[in-house]
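Here is a short briefing to read alongside the model. Please keep the viewer open as you go through the points.

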Amino acid sequence: MNKFLSLLGFDPSRHSVKVETMAGLTTFLTMSYILAVNPLILSDAGMDKGAVFSATVIAAAVATAVMAIYAKLPFALASGMGINAFFAYTLVIVMGYSWQQALAAVLIEGIVFILLTLFKVREAIVNAIPLNLRYSISVGIGLFIAFIGLKNGGLVVASNATMTTLGQWTPTTLVAAGGIILGAVLLALHVKGALF
């Protein structure tokens, strides 16, 4: 067991198995929405939901394992929720490319991104962005993901007059609203694990 833990960079003098296990479980539960949202978004582009689900799971598991074993960092990696929406709703639905063509564009973008990282250009770009703008990007992505959750939970629906409006109260929307309220109360009370 100690050999396995040392492979992951675990130092018993600085880390606790219990704390690290809880942190890992919290991270998994916090990120698990991706397993539902990614297939929903990409199926709008015409991709098979089951295949996208499987690819999401495999990619996240392999990337996280590489991060743990090679980099020895406790970071979970998964599909980006911004690029998949751009992929589905902009490249495929608005611009009219097939999902296969859009996937080729994402592959090229990934290769360019790796090259930018290797040549330290990405770091220079990130450092050139003002700190307030970096924070606002994170907030914008969070609001976008929250909006998708509200839409899929039925709490928000389309409206011709105001673009969005409150949805009808159904068992699904009641469960969604209850989950949001429960999460808010747990966070306000500073309950450990309220990311669950």
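The side chains of Asn38 and Thr56 form a polar contact at 2.8 Å, the term covering N or O atom pairs within 3.5 Å in which, within protein, one atom must be able to donate a hydrogen and the other to accept it, while residues adjacent in sequence count only if both atoms are side-chain atoms. This is a predicted model, where local features need pLDDT of at least 70 and side-chain atom pairs count only at pLDDT 80 or more, while totals for chains, interfaces and linings use all residues. Residues are numbered from 1 along each chain as its sequence is written, and side-chain values use heavy atoms, with hydrogens and water left out.

**Asn38 and helix H3**

- Asn38 sits in helix H3 (residues 33-43); helices here are DSSP runs of H or I with at least four residues, numbered from the N terminus.
- With 3% relative accessibility, Asn38 is buried (buried is under 20% relative accessible area, exposed over 50%, partly exposed in between, using a 1.4 Å probe and protein chains only).
- Leaving aside residues up to four places away in sequence, Asn38 touches Val52, Thr56, Ser79, Met81 and Asn84, where contact means heavy atoms within 4.5 Å.

**How H5 meets H6**

- The axes of H5 and H6 lie 10 Å apart, at an angle of about 120°; axes are lines fitted to C-alpha atoms over the stretch in contact, and angles run from 0 to 180 degrees between N-to-C directions.
- H5 and H6 are therefore oblique to each other, since angles under 35 degrees count as roughly parallel, over 145 as roughly antiparallel, 65 to 115 as roughly perpendicular and the rest as oblique.
- Phe87, Leu91 and Val92 of H5 make the contact with Trp99, Ala102, Leu103 and Val106 of H6.

- Lys72 has a phi near 55° and lies in the loop between helix H4 (49-71) and helix H5 (81-94).
- At 38% relative accessibility, Lys72 is partly exposed.
- Lys120 has a phi of about 65° and is found in the loop between helix H6 (99-118) and helix H7 (121-128).
- Lys120 is exposed, its relative accessible area being 57%.

Definitions and conventions: Helices (H or I, at least four residues) and strands (E, at least two) are DSSP runs, numbered from the N terminus.
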